[in-house]
Amino acid sequence: MKTKFILFIILFILMSAFKTNCSEPALSFLNSLTGEQKDKLLHAFNDDSKSEWHYFPATMFPRAGISLGELNRDQKQLFFEFLHSSLSETGYSKTKQIISLEDVLAEISGNSHTRDPEKYYIAFYGNPEKDSLWSWYFQGHHLSLNFAVINGKTEIAPRFMGANPATVKRGKRKGTRTLFLEEDLGLQLINSIQEKQKAIFSEHPPYDIVTRNDAEVEPLNPVGIKLKELKKTNQELLLNLINEYLAILPEELAKERMQKIQSEELGEIRFGWAGGTQSGKPHYYRVQGKTFLIEFDNTQNNANHIHSVWRDFDGDFGRNLIREHYQHSHHH
């Protein structure tokens, strides 16, 4: 009995240390803020704005929270250290690339008010300093990353990333491509499938992702070809495509998510395509499994404007973790 008690204490200490380490960058950022800034950043855990997200510019769809433009240099550095610790190197790099495209759009349009890399917003729901259950988001034009944290365990969904222009055609950054692997892997897959027409469900792609900015989504109509119907090389390509969307997550979280997919639904995953099958032609694809949906759309601005999203049917905004937390919490 005494041995079990000692083991319990050791486990508790280790879990507490893990939680502290995971929360440390968040607390460093939080504690750098003034009282007024904290009032803007912190919201009740169940505040409705937590699931009110969009990929429009902030001038078109106001966000809760505090913007990058309201932070001083040191506060920004602490925030980006926190963000960096919450994503993989790939995820952090893609996020910074997406934000930097606002400068390209400002140069093209001459509208620096709407196209402003400082108009990306951070909001906390709950307080990492005292709550074991809390969430936060970082979002603005073409970016919405939604995190739920419970006792140091994190879920990140929905995850929206967009790119306009997907390929910069002129100016100092001419030739720069953002989210190019999401596009190239999709094109490679559709063009390598022997029964291509079985994967193509429409000649006309939708103008945008079908699920848009819905707070909660259910599986879409099953379209396209199942993974188990593909040749092995094509199966590997489809898994590479899924992995590209998981690659923005921290490594352990990405591995855990892929293991769940492989154990639950691998052969039943569907890949569906709409539109042209060559670069420069408007196109759309979706990858749908039992628990998740990927959508990719490149139709606007002469097929040079990408929208992509990962949705978890049960886990968006950490709903599965939250439900589990309340079911096992004596406090509730």
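Reader: Let a cavity be a set of points, on a 1 Å grid over the protein atoms alone, where a 1.4 Å probe fits but cannot get out, with lining residues having an atom within 4 Å of a point. How many cavities of 30 Å³ or more does a search of the whole structure find?

Author: The search finds two cavities of 30 Å³ or more, a volume being the space filled by probe spheres set on grid points that are joined across faces, edges and corners. The model is predicted, and local features need pLDDT of at least 70, side-chain atom pairs count only at pLDDT 80 or more, and totals for chains, interfaces and linings use all residues. Residues are numbered from 1 along each chain as its sequence is written, and side-chain values use heavy atoms, with hydrogens and water left out.

Reader: Which residues line the second largest cavity?

Author: Its lining consists of Lys50, Tyr125, Ser135, Trp136, Tyr137, Asn146, Phe147, Ala148 and Phe317. Strands β4 (133-140) and β5 (143-150) each give two or more residues to this lining; helices (H or I, at least four residues) and strands (E, at least two) are DSSP runs, numbered from the N terminus. The volume of the second largest cavity is about 50 Å³.

Reader: And how does that lining divide by class?

Author: Six of the residues are nonpolar, two are polar and one is charged. Here Ala, Val, Leu, Ile, Met, Phe, Trp, Tyr, Cys and Pro count as nonpolar, Asp, Glu, Lys and Arg as charged, and the others, Gly among them, as polar.

Reader: Ser135 was on that list. Is Ser135 buried or exposed?

Author: Ser135 is buried, with a relative accessible area of 3%; buried means under 20%, exposed over 50% and partly exposed in between (1.4 Å probe, protein chains only). Ser135 belongs to strand β4. Beyond four places in sequence, Ser135 touches Phe45, Lys50, Ala123, Phe124, Tyr125, Phe147, Ala148 and Val149, where contact means heavy atoms within 4.5 Å.

Reader: What does the charged end of Lys50 sit over?

Author: The charged end of Lys50 sits over the ring of Phe45, 3.6 Å from its centre. The criterion is NZ of Lys or CZ of Arg within 6 Å of the ring centre and within 35 degrees of the ring normal. Lys96 has such a placement over the ring of Phe80, at 4.3 Å from the centre.

Reader: Back to the cavities. What lines the largest cavity?

Author: The lining residues are Arg159, Phe160, Met161, Glu182, Tyr245, Ile248, Ser308, Val309 and Trp310. At least two of the lining residues come from each of β6 (153-163) and β12 (306-312). About 80 Å³ of space lies inside, and the lining has six nonpolar, one polar and two charged residues.

Reader: Turning to rings, how many aromatic pairs are there?

Author: There are 24 in the whole structure. Rings of Phe, Tyr and Trp (its six-membered ring) pair if their centres lie within 6.5 Å; planes under 30 degrees apart count as stacked, over 60 as edge-to-face and the rest as tilted. Phe79 and Phe138 form a tilted pair, 4.9 Å centre to centre with 55° between the planes. This pair links distant parts of the chain, with Phe79 in helix α3 (residues 73-86) and Phe138 in strand β4, 59 residues apart. Both Phe79 and Phe138 are buried.

Reader: Why do Trp273 and Tyr285 count as stacked?

Author: Their ring centres are 5.9 Å apart and their planes are at 20°, so the pair is stacked. Trp273 lies in strand β9 (residues 270-275) and Tyr285 in strand β10 (residues 283-288), so the pair ties together parts that are 12 residues apart in sequence. The relative accessible area of Trp273 is 0%, and Trp273 is buried; Tyr285 counts as buried at 0% too.

Reader: Which residues form the aromatic cluster?

Author: One cluster is formed by Phe29, Phe79, Phe80, Phe82, Tyr120, Phe124, Trp134, Trp136, Phe138 and Phe147. Ser86 is in contact with residues including Trp136 and Phe147.

Reader: Last topic, the backbone. Where are the cis peptide bonds?

Author: One joins Ala157 and Pro158, with omega about 0°, and Pro158 is in strand β6. Another joins Asn164 and Pro165, with omega about -5°; Pro165 has its place in the loop between β6 and α5 (180-192). Most peptide bonds are trans, and most residues other than glycine have a negative phi.

Reader: What is phi of Leu179?

Author: Phi of Leu179 is near 60°, a positive value in a residue other than glycine. Leu179 is in the loop between β6 and α5 and counts as buried at 2% relative accessibility. Asn302 has a positive phi near 55°, lies in helix α9 (residues 300-303) and is exposed, with a relative accessible area of 73%.

Conventions
1 Å grid on protein atoms, 1.4 Å probe; cavity = no way out; pocket = protein on both sides within 12 Å on 5 of 7 lines; lining within 4 Å.
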